[in-house]
Amino acid sequence: MKNTSQPLLEEYQLGDLNLKNRVIMASLTRGRATNPGLIPTPIMAEYYAQRASAGLIISEGTWVNTQSIGFINVPGIYTQEQVEGWKSVTKAVHDNGGLIFSQLGHIGAGAHPDLQNGRLPVGPSAVNIQSQSFTPEGFKDTVTPHEMTVAEIQDTIQDYRQAAQNAKDAGFDGVEVHAIVGMLIPQFLSTATNKRNDRYGGSIENRARIIFEILDAIFEVWESNRVSVKFSPVMLSNVGIVKPDEETIDLFKYILNTLNSYNLAFIHIVGPAEDLSGTPVEDLQDNYFAHFRNNYTGRIVANLGFTKESGNAIIQEGIADLVSFGEPFIANPDLVERFRDNLPLAESDRNTYYSGEENGYTTYPKAVIAGA
Ligand SMILES: Cc1cc2nc3c(=O)[nH]c(=O)nc-3n(C[C@H](O)[C@H](O)[C@H](O)COP(=O)(O)O)c2cc1C
């Protein structure tokens, strides 16, 4: 039986963009840019077009410059060839009635010399994040990065601006700044990896400065209501030493309070994957998203582990405006229709998450409706 009274399926006005529904497809790195230029491939256009019934798609994380590369076969958005490749993707999504933001990322110290022509990766300080990097020879331990000079930080901010311009030229509807743990921005936020004593280190204000400078640079290209930021304040596992600490709650209060005047499209918040009891952020354990709602006056996209039921509930309760789904979109290109028609969800095959070309990428069928 069809269920048309779901908040997730309501139309939504996102600034000047009209979303068909409140279901956001979260970024999913899928490793299908299998060419030396890291140019989006035709199957990527097909894959995103298959998922165009989402209210808004956020592209997989894409690199803003060569230094930001930290994972094999992930596309960039810093060359003209890449922009041309992305044009096919955005056209395919638009032709199918969808909207798509480009997610702009830099992996910082999570890169590896094998991905950087032998050069050291860059980070806020010369501190090994003690994580792993996905190189052509498989996962390798991260190394101690080169500490970015102020000039290099400024150049990187300009690379975000240029990538934002490239995203506009490629036909995207907006951009999302990729600031979840694993990336360069959280390495600046963290006291474990940021040991600087200049204007980018030390106090909360200084550690967070790079976010606002990146956003200000992007606003030279995009209206702020076409720009979002994705944060994961409480990620605990597989993240090396960039973990929540005693300052995390105050840090995010400061970031959100500052972003209140930015008129962003939304902030995208990843929820807790584990029990936070006994961690420095255990106060966020209960009513997690409400903590962000109480500190942020703009739109919130809630993410992590949502189902049709919990997604509808969090919108109904007024705690989030939109809900994003990551893994469910892998095997369910028609996730929105499955929610609408109360159909079961297909399971995705983890072996093809980051490789396999078409297999496990464009091969998942739409649900077959009995009697249709
Ligand atoms: C295969 C895979 C790739 C991902 N790649 C990205 C990425 O490029 N950028 C990003 O912000 N998050 C990425 N994520 C995280 C998802 O966007 C999302 O935050 C996470 O899967 C939790 O949402 P879910 O429970 O609905 O899957 C990835 C997740 C998976 C499973």
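This is a predicted model: local features need pLDDT of at least 70, side-chain atom pairs count only at pLDDT 80 or more; totals for chains, interfaces and linings use all residues.
Residues are numbered from 1 along each chain as its sequence is written, and side-chain values use heavy atoms, with hydrogens and water left out.

**Exercise 1.** Find out how many salt bridges there are.

*Solution.* Start with the rule: a side-chain nitrogen of Lys or Arg has to sit within 4 Å of a carboxyl oxygen of Asp or Glu. Apply that rule and you get 15 salt bridges. Some join up: Asp114, Glu137 and Lys140 are linked in a network.

**Exercise 2.** Work out whether Arg196 and Asp198 are buried, partly exposed or exposed.

*Solution.* First, their side chains meet in a salt bridge, 2.7 Å from N to O. Next, grab the cut-offs: buried is under 20% relative accessible area, exposed is over 50%, and partly exposed is in between (1.4 Å probe, protein chains only). Arg196 has 6%, so Arg196 is buried. Asp198 has 25%, so Asp198 is partly exposed.

**Exercise 3.** Say which parts the pair Arg293 and Asp321 ties together.

*Solution.* Step one: the closest N and O atoms of this salt bridge are 2.8 Å apart. Step two: Arg293 lies in helix α7 (residues 288–295), and Asp321 in the loop between α8 (308–316) and β14 (322–325), so the pair ties together parts 28 residues apart in sequence. Helices (H or I, at least four residues) and strands (E, at least two) are DSSP runs, numbered from the N terminus.
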